[in-house]
Amino acid sequence: MTLKLVCLSCGQGNRVPETRREAGPKCGSCGTPLLSAAPVEVTLPILQKAIRIDTLLLVVDFWAEWCGPCRMMAPAFAGAAKTLGSRARFAKLDTQAHPEAGAIYGIRGIPLMIAFRNGGEVRRQVGALPQDAIVEWASGLADAHPADRA
């Protein structure tokens, strides 16, 4: 099986054999690691492309600098990204820098986590969670077959 992953830095689409997932695949265009152990800050156009193309679970934290609960959850989100490793990708989108995201994704409150796979939303969670709850929330989705929409 081949994973399709959009580079969260440059937006280039990449194909990665499933057998190479643990080998630290890099973008064929810019050389950035495709599977980071930390959340990656993304722009709205790159996020939209990743949502359309990625076959690996993509967990996105929609946040803003002024949001206290968002800032409190940031270390837990980063810890969950490290714990899940190459089983899922974690990204962050600043809703203050990209206000149009609110209308596109139906954001009514932040922090908001939305999990995407195969072009669609799989699950969402409003409100701050501790690291173990984020890991539990995302684990079942990450372990589901990539063709599935849980």
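This is a predicted model: local features need pLDDT of at least 70, side-chain atom pairs count only at pLDDT 80 or more; totals for chains, interfaces and linings use all residues.
## What helix H4 packs against

The buried residues of H4 pack against S4, helix H2 (68–84), strand S5 (89–94), S6 and S7. Buried here means under 20% relative accessible area, with exposed over 50% and partly exposed in between (1.4 Å probe, protein chains only). Helices (H or I, at least four residues) and strands (E, at least two) are DSSP runs, numbered from the N terminus.

Which residues of H4 are buried? They are Ile134, Val135, Trp137, Ala138, Ser139, Leu141 and Ala142. H4 has 13 residues and reaches 18 Å from first C-alpha to last, close to the 18 Å expected at 1.5 Å a residue (that is, 1.5 Å times one less than the number of residues).

Residues are numbered from 1 along each chain as its sequence is written, and side-chain values use heavy atoms, leaving out hydrogens and water.

The chain's mean pLDDT (the predictor's confidence in each residue, from 0 to 100) is 93, and 95% of its residues reach 70 or more. Over residues 146–150, though, pLDDT is below 50.

Most residues other than glycine have a negative phi, and most peptide bonds are trans. Asn118 isn't a glycine, yet has a positive phi of about 55°; Asn118 sits in the loop between S6 and strand S7 (120–126). A cis peptide bond joins Ile110 and Pro111, with omega about 0°.

Note on methods. Contact means heavy atoms within 4.5 Å.
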